[in-house]
Amino acid sequence: MSRAANVADFEPGQILRALEAHHVQYVVIGAIAAIAAGAPILTTDLDVTPARSRENLESLALALRDLDAKLRSVSAPAGVPFPIEAEMLATADSWTLSTRAGDVDLMFLPAGTQGYDDLRRGARRERIAGVVVSVAALADVIRSKEAANREKDSMQLPILRRTLEQTRVRGREHHSAT
Amino acid sequence: MVSGDLLHEARLRAGLTQAELAKRAGTPRSQISRYERADVLPSLETLRRLIRSCGLDLSFRLFNADLEEHDATLIAQVQSLTAEERVDRAVRAVKHVYRRE
């Protein structure tokens, strides 16, 4: 499947519904979390941080099987099948996957964070594509992207910081008006 | 910088010859050469795929000359929406950008 086809199939709501159907504990992070917070950016994938408990990894494996998840690979555009088992998911800190609903990245330990419990503290419950999910705070998204220090993150950081600043100003104005 | 320059720079940064990039991307070497010379303009999707084959990525933003004001306006517009509307709008926009060739 080409990149364009992956993007054409990108339906984050379907991915979230699969996770919810199996009661997976996770926080939406990355660009979708930033977009939900009001950042005017685009993305072609969904990033989530799942909890790492054994029970949660088993639920996560079920959801990923429902989504026909495969390993994402430049050299194999159709994706590479892999054993979607809790034991397998426990062996890495991150997984970059393609699914029938588009690309999803599992980041158990996003840079600059301590993972699910850390991100859950500042997360908000938001409705996305008809599903109410936990979404990481924009400040945490920025913290992680600063720590990751990748070129694409560096390019996004100014607009994310600006969004956070305007959100805070707007919040203060709203607070003083009420 | 035009797309040919971008591709050329990405290939050099990756330390690849045109033949090596051609093999990695599954694109004829002669076509890579045409892209780099700007004899042929690749689509955005093709350019991004080739740059990804170099281990790099291509990102893009729309902006006005007055970037600060533009960003502030854009953020204010987006913030007038709900979280669900923001994500829906972004997903529709990215699909539009990546429309199948």
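**View 1. D118(A) and R143(A) pair up in a salt bridge within chain A.** The closest N and O atoms of D118(A) and R143(A) sit 3.2 Å apart. D118(A) belongs to helix α6 (residues 116-122) of chain A and R143(A) to helix α7 (residues 138-148) of chain A, so the pair ties together parts that are 25 residues apart in sequence. As for cover, D118(A) has 10% relative accessibility and counts as buried, while R143(A) is partly exposed at a relative accessible area of 28%. Keep in mind for this and every other view that the model is predicted.

**View 2. E87(A) and R54(A) make another salt bridge in chain A.** Here the side chains meet at 2.8 Å, N to O. E87(A) comes from helix α5 of chain A and R54(A) from helix α4 (residues 54-66) of chain A, so this pair ties together parts that are 33 residues apart in sequence. E87(A) is partly exposed, with a relative accessible area of 46%. R54(A) also counts as partly exposed, with 46% relative accessibility.

**View 3. A network of salt bridges links D45(A), R72(A), D103(A) and D105(A).**

**View 4. R92(B) and D88(B) form a salt bridge inside one helix.** The closest N and O atoms of R92(B) and D88(B) are 3.2 Å apart. Both residues lie in helix α6 (residues 83-97) of chain B, four residues apart, which is about one turn of the helix. An α-helix has 3.6 residues a turn, so residues three or four places apart point the same way. R92(B) is exposed, with a relative accessible area of 52%, whereas D88(B) is partly exposed at 40%.

View 5. On the chain B side, I75(B), Q79(B) and E84(B) supply 21% of the area that chain B buries against chain A, more than any other three residues. The contact takes 33 residues from chain A and 28 residues from chain B. How many salt bridges does the rule find across the interface of chain B and chain A? There are two.

**View 6. R13(B) and E151(A) join their side chains in a salt bridge.** The N to O distance for R13(B) and E151(A) is 3.9 Å, which falls inside the 4 Å cut-off used for a salt bridge.

**View 7. F82(A) and W95(A) are the partners in a stacked ring pair.** By the ring-pairing rule, the count comes to one aromatic pair over all chains. The ring centres of F82(A) and W95(A) lie 5.3 Å apart and the planes make an angle of 20 degrees, so the pair is stacked; the cut-off for stacking is planes under 30 degrees apart. The pair links distant parts of the chain: F82(A) is in the loop between β3 (70-71) and α5 (86-89) of chain A, and W95(A) is in strand β4 (residues 94-99) of chain A, 13 residues apart. Buried or exposed, then, for F82(A) and W95(A)? Both F82(A) and W95(A) are buried.

**View 8. Helix α4(B) is largely enclosed by the rest of the structure.** Why say so of α4(B)? Seven of its ten residues are buried. Those buried in α4(B) are E45(B), T46(B), L47(B), R48(B), L50(B), I51(B) and S53(B). L44(B) is also part of this helix, which covers residues 44-53 of chain B, but L44(B) is partly exposed, with a relative accessible area of 40%. After α4(B) comes G55(B), whose phi is positive, near 80 degrees.

**View 9. A nonpolar surface patch brings together L42(A), L44(B), F60(B) and V97(B).** Together, these residues show about 290 Å² of accessible area. L44(B), from helix α4 of chain B, turns up again here as one of the patch members.

**View 10. A19(B) sits in helix α2 (residues 18-25) of chain B.** With 44% relative accessibility, A19(B) counts as partly exposed. The C-alpha atoms of A19(B) and C54(B) are separated by 12 Å, and the two residues are 35 residues apart along the chain.

Key. Residues are numbered from 1 along each chain as its sequence is written. Chains are lettered from A and ligands numbered from 1 in the order in which they are written. This is a predicted model: local features need pLDDT of at least 70, side-chain atom pairs count only at pLDDT 80 or more; totals for chains, interfaces and linings use all residues. Side-chain values use heavy atoms; hydrogens and water are left out. Patches are made of residues with over 30% relative accessible area and no salt bridge: like charges are joined within 9 Å, nonpolar side chains (Val, Leu, Ile, Met, Phe, Trp, Tyr) within 5 Å. Accessible areas come from the Shrake-Rupley method with a 1.4 Å probe; for residues, only the protein chains shown count as cover. Helices (H or I, at least four residues) and strands (E, at least two) are DSSP runs, numbered from the N terminus. Buried means under 20% relative accessible area, exposed over 50%, partly exposed in between (1.4 Å probe, protein chains only). Rings of Phe, Tyr and Trp (its six-membered ring) pair if their centres lie within 6.5 Å; planes under 30 degrees apart count as stacked, over 60 as edge-to-face and the rest as tilted. Contact means heavy atoms within 4.5 Å. Buried area is the accessible area (1.4 Å probe) that two parts lose on being put together, summed over both.
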